[in-house]
Amino acid sequence: MVEGTENARSSRRLGDQIIWGQASIAQQEGPDCPAKPLIDRRRAAAELAVFGSLAFVLRIAFDPFFWRFAGPVSLIATLVCLALYLRRRGKGWSSFGLIPLEGVRAKLMVLPQALLVFAFFAAAVAGVLHGGEALGWDFMNVVPEGVEDRWGDVQGNLPVFLLWLGIVWTAAAFGEEMFFRGFLVTRAAVLFRGAPFGTLFAVLVAAILFGLGHFYYQGLRGLVMTTAIGIAFGAAFLLTKRNLWPIVLVHGIVDTITFTALYLGLEN
């Protein structure tokens, strides 16, 4: 009788362990789980190739119709396709840095983290400007023609200014950070997992693609500057434990200040 009771208790304990173990696994693999996605290198490489190529091809396809907005529109279209793909696989954007900010403390922590991100951003910009001067990179002192062609009508034009502010806080702040930091850095980290300096390569690859995404209208100067900013934002993304919110905030504020200066005619 005692032996039977003990066996029954052991069976219940084993059953509880199995149930709780399955629940734990389900929780880890849920669509809103902020943990790193458990995927292999082949899938990571395939996703990088497919969605990276899609963004590039769409930008070229949209360029003849509205080149000023080809970048933002192609990026948003790519993110829509990526979101549908992730939803089909039962994943959410929290896996890529848009983590839930539960409670007042989590929300307030975004501010000091944003200061850290801004420090990285300022260091990257200053490093490129002073480094370019030391290396004799004269092209860093010349504003490319594409910049004037794209943003030249912002000054004094309130509707155009507001239009670009809308683009800043959608395609730029959220869109670029979700794609270039959240998606590309995360997937590249899986691709280079276990390799020497794998994390560094992941940040660098995403930063170079970020720079190339601005080359079509900002030229070589924009490529160098935005690549450096991409490295700074990528490093900050990892240091904040893959939290995109402070980077999105800094990106949006910096671009808003830039366009406000353009609107007021304060840019040289």
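This is a predicted model: local features need pLDDT of at least 70, side-chain atom pairs count only at pLDDT 80 or more; totals for chains, interfaces and linings use all residues.
Residues are numbered from 1 along each chain as its sequence is written, and side-chain values use heavy atoms, with hydrogens and water left out.

How confident is the predictor? The pLDDT, its confidence in each residue from 0 to 100, averages 85 for the protein, and 85% of the residues score at least 70. Over residues 1-37, though, the pLDDT is below 50, and this stretch has 19 contacts in the model beyond near neighbours in sequence. A contact here means heavy atoms within 4.5 Å.

Now for the fold. You'll find 9 helices and 0 strands; both are DSSP runs numbered from the N terminus, with helices (H or I) having at least four residues and strands (E) at least two. Among contacts with a separation of 6 or more, 78% are between residues 24 or more positions apart.

Let's go inside. Of the 268 residues, 40% count as buried, and that word means under 20% relative accessible area, with exposed over 50% and partly exposed in between (1.4 Å probe, protein chains only). A nonpolar core is a set of buried Ala, Val, Leu, Ile, Met, Phe, Trp, Tyr and Cys residues joined through side-chain atoms within 4.5 Å. The largest one has 43 residues, and Trp 93, Phe 179 and Phe 183 have the most contacts inside it. Several helices supply at least two residues each, among them H2 (41-66), H7 (158-191) and H8 (198-239). H8 gives the most, with 12 residues. Look at Phe 179: leaving out residues up to four places away in sequence, its partners include Phe 51, Ala 55, Leu 75 and Leu 184. There is also a second, separate core of 13 residues, which includes Val 147, Phe 161, Val 168 and Phe 259.

Nonpolar residues turn up on the surface too. One patch there includes Phe 197, Phe 201, Leu 220 and Ile 231, and the whole patch has about 980 Å² of accessible area. (Patches are made of residues with over 30% relative accessible area and no salt bridge; like charges are joined within 9 Å, and nonpolar side chains, meaning Val, Leu, Ile, Met, Phe, Trp and Tyr, within 5 Å.) Leu 220 sits in helix H8 and is partly exposed, at 43% relative accessibility.

Last, the charges. Side chains of opposite charge can pair when their charged atoms come close. A salt bridge is a side-chain nitrogen of Lys or Arg within 4 Å of a carboxyl oxygen of Asp or Glu, and the whole structure has 5 of them. Arg 181 and Glu 177 form one, with their closest N and O atoms 2.8 Å apart. Both lie in helix H7, about one turn from each other. Are they buried or exposed? Arg 181 is buried at 1%, and Glu 177 is buried at 0%.

Asp 153 and Arg 68 also meet in a salt bridge, 2.9 Å from N to O. Asp 153 lies in the loop between H6 (145-151) and H7, and Arg 68 in the loop between H2 and H3, so the pair ties together parts that are 85 residues apart in sequence. Finally, Glu 47, Arg 89 and Arg 187 are linked in a network of salt bridges.

Definitions and conventions. Accessible areas come from the Shrake-Rupley method with a 1.4 Å probe; for residues, only the protein chains shown count as cover. pLDDT is the predictor's confidence in each residue, from 0 to 100.
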